[in-house]
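The sequence and the model are shown first, and the description follows.

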Amino acid sequence: MHAPYRRASIVFMSDTAAGVQFSVLGPTDSVDDGRVSDFYAYRDDLQRCWVRGNMIASIDGAATADGKAGGMADAGDRVLFRLMRYAADVVVVGAATVRVENYSGVQVPVAHRGARQRRGQAEVPPIAVVTRSGNLDPDARFFTRTDVPPLILTCADAYQKTRGRLSAVAEVINTSGPHTDRVDPATLLKTLADRGLYRVLSEGGPQVLGMFVENDLLDELCLTVAPMLVGGPAPRIVTAPGEVRTRMRPAHLLCDDAGYLYTRYVRAD
């Protein structure tokens with residue numbers, strides 16, 4: 001794993017612009033595990049939910065390969081995937097991603113459990129599944145291989161049916177807002193905040209991340225760029241009917257020997 005890139009500035013002058021400053025990025029020394037964790041630490045003074053998205057994409061913009069995001073992952077991406085989970089209070093994910101990626105609960109090693117306790121966090125963060133239908137199999141690995149019961153975040157129209165099917169293996173919560181047939185992202189975050197779950201990690205898929213982006217609720221995006229071309233009809237990392245433009249600024253850029261880039265962008269305001 002390499003450290004953030006060292007910048008050497010170049011100013012490009014044209015006939016029509018006063019000047020644009022470019023930076024040449026070059027690797028510095030490698031970083032030890034403890035410092036890598038520091039790059040993904042949340043702020044200590046949070047009074048509201050801070051929503052971090054963690055996604056992977058190919059260099060031609062594909063969010064999946066062979067239908068799965070995990071099809072593009074490599075060792076470095078898996079390391080950071082786990083570190084971000086260890087830092088979070090809750091992991092938010094869509095029901096389709098749970099099914100396709102064959103999710104289980106978060107597995108936290110003893111050393112990281114101690115660090116979480118010292119930060120005032122529960123030893124293991126729950127996974128919160130966003131689902132309009134509540135159509136999840138109670139015998140799935142997601143419910144049977146976990147140290148803490150998941151949260152099922154559904155809408156009012158599906159709440160009673162979902163609670164009847166899943167209440168023995170999960171906490172089912174109605175997170176509708178004004179529309180009873182869908183999950184409201186602001187209500188979802190208020191629900192998590194009321195439980196003291198401020199450090200929110202969204203692992204997608206594209207529709208869940210799109211829900212946060214469309215409603216201007218995404219505070220940062222950690223995007224792994226896989227050094228491959230995928231082509232085909234693969235989706236982007238964000239899918240939403242509405243378009244918004246949220247200005248972001250780069251917080252850091254890491255790379256590894258396999259050619260993967262690990263970017264982190266936060267809100268510019």
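How many bridges join strand E9 (residues 220-226) to E11? Six bridges join these strands, which run antiparallel.

The structure is a predicted model, in which local features need pLDDT of at least 70, side-chain atom pairs count only at pLDDT 80 or more, and totals for chains, interfaces and linings use all residues. Residues are numbered from 1 along each chain as its sequence is written, and side-chain values use heavy atoms, with hydrogens and water left out.

## Overall composition

The protein comprises eight helices and 11 strands. Helices (H or I, at least four residues) and strands (E, at least two) are DSSP runs, numbered from the N terminus. Of the 269 residues in the protein, 43% are buried. Buried means under 20% relative accessible area, exposed means over 50%, and partly exposed lies in between (1.4 Å probe, protein chains only). Among contacts between residues at least 6 apart in sequence, 65% join residues at least 24 apart; contact means heavy atoms within 4.5 Å.

## Strand pairing

Two strands pair if DSSP finds at least two bridges between them. Strand E11 (residues 261-267) has five of its seven residues buried.

Parallel pairing is found around strand E6 (residues 151-154). Leu151 and Leu153 point one way from E6, Ile152 and Thr154 point the other way, and all are buried. In a regular strand the side chains alternate between the two faces of the sheet. Three bridges join E5 to E6 in the parallel sense, and Val130 has Leu153 of E6 as its bridge partner. E6 also pairs in parallel with strand E7 (residues 171-174) over four bridges, with Leu151 opposite Glu171 of E7. From E6 the chain crosses through helix H6 (residues 156-166) to E7, and this β-α-β crossover is right-handed. A crossover is right-handed if, with the strands pointing away from the viewer, the path from the first strand over the helix to the second runs clockwise.

## Nonpolar cores

A nonpolar core is a set of buried Ala, Val, Leu, Ile, Met, Phe, Trp, Tyr and Cys residues joined through side-chain atoms within 4.5 Å. The largest one has 40 residues, of which Tyr40, Ile127, Val129, Phe142 and Ile152 touch the most other members. Elements that give two or more residues to this core include helix H1 (33-39), strand E4 (90-94) and strand E5 (127-130). H2 gives the most to this core, with five residues. Apart from it lies another core, of 27 residues, among them Ala63, Val130, Val208 and Phe212.

Leaving aside neighbours within four places in sequence, the contacts of Ile127 include Arg85, Val91, Phe142 and Leu151.

Helix H2 (residues 75-87) has 13 residues and reaches 19 Å from its first C-alpha to its last, close to the 18 Å expected. The expected span is 1.5 Å times one less than the number of residues. Among the buried residues of H2 are Leu80, Leu83, Met84 and Arg85.

Thr191 lies in helix H7 (residues 185-194) and is buried, with a relative accessible area of 11%. Its side chain reaches the backbone oxygen of Thr187 at 2.9 Å. Residues up to four places away in sequence aside, Thr191 touches Ile173 and Thr175.

Most residues other than glycine have a negative phi, and most peptide bonds are trans.

| Residue | Phi | Relative accessible area |
|---|---|---|
| Asp66 | about 55 degrees | 82%, exposed |
| Asn102 | near 55 degrees | 44%, partly exposed |

Asp66 lies in the loop between strand E3 (50-58) and H2, and Asn102 in the loop between helix H3 (95-100) and helix H4 (110-118). A cis peptide bond, with omega about 5 degrees, joins Gly204 and Gly205. Gly205 lies in the loop between strand E8 (199-202) and helix H8 (206-214).

Definitions and conventions:
A polar contact is a pair of N or O atoms within 3.5 Å; within protein, one must be able to donate a hydrogen and the other to accept it, and residues adjacent in sequence count only if both atoms are side-chain atoms.
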